[in-house]
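Thanks for coming. I have one structure for you today, and I will go through a few of its residues one by one. Please have a look at it first.

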Amino acid sequence: MLSILDLLNHYLGFFNVNARWKGQMYTILAGIGNFYILYLAVRHIQNGAYLRGVLLALGFLFILYCVILNIIYYYTQKTVKWDISPKLEKVLGGPQAAKTTDGQAMPYVPANGLYDKQQVLPATAVSDDDMAAELNKVVDQLREGGLINENYGGLSEKEQLAFLATGQQTIFANHPGTPLPYFRLEEERGGLSIYGGMNEMLASRLARIQTVGLQPVDLALESYNLYIASVVVTGGPGKARGRHDLMPVEKPYELAVELAYTKK
């Protein structure tokens with residue numbers, strides 16, 4: 001069976017064959033050939049070679065599990081809760097890991113510098129109607145400038161479903177978010193506001209900080225010096241998990257903010 005698969009892969013390499021079609025063919029061949037392993041397992045058990053027979057039977061079950069997963073993936077574009085392939089990809093390294101190791105992907109360096117993760121807290125940023133209107137203008141400018149990627153981070157439908165299975169309610173088209181080109185933090189009336197935009201000249205008030213970590217912003221200001229570390233635009237068009245498949249959703253744009261801190 002392995003020789004047949006190797007020969008098939010060799011000949012298909014001469015043609016520009018769709019990867020999905022190739023995967024479907026391999027799945028069918030693997031499913032058929034797997035029953036030969038079951039035949040060998042039964043024969044070994046009948047002949048008294050119990051250990052070898054049990055090991056072959058376990059191998060048959062594992063391959064059958066993989067074949068079923070491939071059938072679901074290649075023929076239905078869905079996923080299931082008992083799919084362990086995302087966990088295996090994290091352990092063994094997947095496409096994202098390959099991009100990092102071969103030097104093709106450069107790390108993102110925020111315009112406001114880098115901070116130790118132990119000195120950074122997530123902050124809750126809220127916007128009133130006027131701020132939300134300004135944020136929508138910024139998003140339009142980012143889109144016109146080609147600075148927003150709305151391809152769901154290059155994730156397939158299976159990977160999007162796996163992301164939603166982690167407890168997230170929505171995956172947005174600009175996943176995992178669009179860094180704001182310019183932003184600054186200003187203290188106003190005992191609180192903090194975020195100004196940002198395409199550049200300093202076009203910056204406008206986009207949100208105000210409500211909480212820093214688990215503390216209200218006024219209490220945080222009493223104990224800490226706060227510095228803005230990163231501002232990322234999220235929201236807009238996205239997808240949520242439906243009864244049978246992904247369903248489109250639309251949510252307001254908002255800012256995901258991180259603040260660095262030092263004790264006063």
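Let me start with L58, which lies in helix 3. Helices here are DSSP runs of H or I of at least four residues, strands are runs of E of at least two, and both are numbered from the N terminus. Before going on, a word on the source: this is a predicted model, where local features need pLDDT of at least 70 and side-chain atom pairs count only at pLDDT 80 or more, while totals for chains, interfaces and linings use all residues. Residues are numbered from 1 along each chain as its sequence is written, and side-chain values use heavy atoms, with hydrogens and water left out.

Is L58 buried or exposed? L58 is exposed, because its relative accessible area is 51%. The cut-offs are under 20% for buried, over 50% for exposed, and partly exposed in between, with a 1.4 Å probe and protein chains only.

L58 also belongs to a nonpolar patch on the surface, together with I45, Y50, L51, V54, L55 and L61. The accessible area of this patch is about 730 Å², from the Shrake-Rupley method with a 1.4 Å probe, where only the protein chains shown count as cover for residues. A patch takes residues with over 30% relative accessible area and no salt bridge; nonpolar side chains (Val, Leu, Ile, Met, Phe, Trp, Tyr) are joined within 5 Å, and like charges within 9 Å. Helix 3, residues 50–76, gives the most to the patch, with 6 residues.

Now to A207, in strand 6, residues 204–212. A207 counts as buried because its relative accessibility is 1%. Leaving out residues up to four places away in sequence, A207 touches A125, V126, S127, M131, S193, I194 and L255. Contact means heavy atoms within 4.5 Å.

Next is K239, in strand 8, residues 224–241. K239 is buried yet has no salt bridge, that is, a side-chain nitrogen of Lys or Arg within 4 Å of a carboxyl oxygen of Asp or Glu. Which side chain of opposite charge is nearest to K239? E157, at 4.6 Å. Lys and Arg count as positive, Asp and Glu as negative; His and the chain ends are not counted.

Among the residues that K239 touches is Y152. Y152 sits in the loop between helix 6 (129–144) and helix 7 (157–164), and has a positive phi of about 60 degrees although it is not a glycine. Y152 is buried, because its relative accessible area is 13%.

Last, the peptide bond from H175 to P176 is cis, with omega near 0 degrees.
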